[in-house]
Amino acid sequence: MQKLTSEQAKRGKQMTTTMDSKEFVNRRQKLAEKMPEHSVLVLFSGVAKTRSQDDKYPFSPNRNFYYLTGIGRSNLILMITKRAGIVSETLFLQRPNELEAKWTGAVLADQEAKELSGIEHFDYLDEWLEAFATFVRRCEGQCSLYLDLYRYQWSDEQTLAEAFAEDAQKKYKTLQMQDAGPWLKELRMVKSPAEIEEIKRAIAITDEAIRRMWAHSRPGIMEYELEAHYDFALKSNGVRELPYLPIIASGINATVLHYEANNQRAEDGDLVLLDLGAASNYYAADISRTFPVNGRFTERQKAIYQLVLEAEIKTIEAVKPGVTLQQLNEVTKQVLADGLLRLGLIQDSSELSKYYYHAVSHHLGLDTHDVSDYSAVMQPGMVITIEPGLYIEEEAIGIRIEDDVLVTADGYEVLSAQIPKEIAEVELLIGKKE
């Protein structure tokens, strides 16, 4: 089983970002350049949600707040103002409380916050509304407020940003409410070298986890037993928060795209589809592999698997600056349609959607499905997934192969190339414990 290097393992134990604070200073400078005069940006790190009684769900920071600060702690507020060409940054922290510290630990100190983020000025949360009001007053009725107003669906609960926007608009009728999301999306779509290194580390841990799962695979194993090996590999490398719930789908379960129950038995002859990934300082890996639980593909499974692999390879080869995700999906569809016609599974290319019914790519970063403009052309520094699949319910066969790909100046680099996917390579690793 492949092991992480000593340096990777050392980094795996760290609970804070390994990025230099200059990374976050630079991001805030780029954002401030986009801000107009008499404007204020407010971002909330978020709070842990109550699960039941006094128990809470694990905290996960707002990704845009983390992107600009490198801080993954709850109950913090970032305020950036711009007036008369002067940009000011303030991070509002929780006021220390000795009694609460005995129960939940010390709050973030300003020196630690400065080392992580590069921010120089700090105040306490009980001072932040007055600081906000003071800036708005100095703008003399010409102030724009920028917030992270992203909403995924109608039924989502109100965010801290939405609640503040509502309250601020009631108090200041002339305040111009704006969404900072488009600016942050533009910045986040192109990854820096430091971000790419975080994604590579997440991929290295995912590689170790997949190899461990393969080594312990056998006919009759439960999907959740495989998941336990996955969890062990991640937690052994310091990964406490998953970027998404792992999909470990055997047999017909693999024809359900977002199957997450992971509670069925993988029988002799079944294929098992894995769609999972570790995270490194919230930067996600997103990998799919499909393997025979008994260590040998049948001839039919080989034929379908090889077609999916061909589609993935040809789609990856089409990655370069200037192309769009839609164009990449057309490459995938053409290869899969031609292959299914050869196999006799369809009689016309228009029938492809019976067996392939998702897009082939999305952006990857601080979110698994990272912020992006689906119609935008590829630029160097973007990281995307390539993940063709075929789902043949009547044969209980679901196959998806997915890699994480960096767009380079002259093409692409497969960041997850070390994770085996050729049939012979995969078969050699099933059930082979060291």
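Start at the second largest pocket: its lining has four nonpolar, five polar and three charged residues. Here Ala, Val, Leu, Ile, Met, Phe, Trp, Tyr, Cys and Pro count as nonpolar, Asp, Glu, Lys and Arg as charged, and the others, Gly among them, as polar. The model is predicted: local features need pLDDT of at least 70, side-chain atom pairs count only at pLDDT 80 or more, and totals for chains, interfaces and linings use all residues. Residues are numbered from 1 along each chain as its sequence is written, and side-chain values use heavy atoms, with hydrogens and water left out.

**The pocket**

Select Met79, Thr81, Arg83, Ile86, Ser88, Thr90, His121, Asp123, Ala131, Thr134, Phe135 and Arg138 to show the lining of the second largest pocket. Strand S4 (77–83), strand S5 (86–93) and helix H6 (128–138) are the elements that give two or more residues to this lining. H6 provides the largest share, four residues. Helices (H or I, at least four residues) and strands (E, at least two) are DSSP runs, numbered from the N terminus. The volume of the pocket is about 230 Å³. A pocket is an open set of points on a 1 Å grid over the protein atoms alone, with protein on both sides within 12 Å along at least five of seven lines; a cavity is a set where a 1.4 Å probe fits but cannot get out, and lining residues have an atom within 4 Å of a point. Grid points are joined across faces, edges and corners, and a volume is the space filled by probe spheres set on the points.

**Rings at helix H6**

Next select Phe44 and Trp128. They form an edge-to-face aromatic pair, 6.1 Å centre to centre with 90° between the planes. Rings of Phe, Tyr and Trp (its six-membered ring) pair if their centres lie within 6.5 Å; planes under 30 degrees apart count as stacked, over 60 as edge-to-face and the rest as tilted. Phe44 belongs to strand S1 (residues 39–44) and Trp128 to helix H6, so the pair ties together parts that are 84 residues apart in sequence. Phe44 is buried at a relative accessible area of 14%, and Trp128 is buried at 7%. Buried means under 20% relative accessible area, exposed over 50%, and partly exposed in between (1.4 Å probe, protein chains only).

Ring pairs link Phe44, Phe92, Trp128, Phe132, Phe164 and Tyr172 into a cluster.

**The cores**

Now select Leu41, Leu91, Leu274 and Leu390, the residues with the most contacts inside the largest nonpolar core, which has 100 residues. A nonpolar core is a set of buried Ala, Val, Leu, Ile, Met, Phe, Trp, Tyr and Cys residues joined through side-chain atoms within 4.5 Å. Helix H9 (residues 193–215) gives the most to this core, with nine residues. Apart from this core lies another, of 20 residues, including Val42 and Cys143.

**Thr332**

Move to helix H12 (residues 325–343) and select Thr332. Is Thr332 buried or exposed? Thr332 is buried, with a relative accessible area of 0%. Leaving aside neighbours within four places in sequence, Thr332 is in contact (heavy atoms within 4.5 Å) with Ala311, Thr315, Tyr356, Val360 and Pro388.

**The cavity**

Finish with Asp231, Leu234, Lys235, Val239, Arg240, Glu241 and Leu242, which line the largest cavity. Its volume is about 30 Å³. The lining of the largest cavity divides into three nonpolar, no polar and four charged residues.
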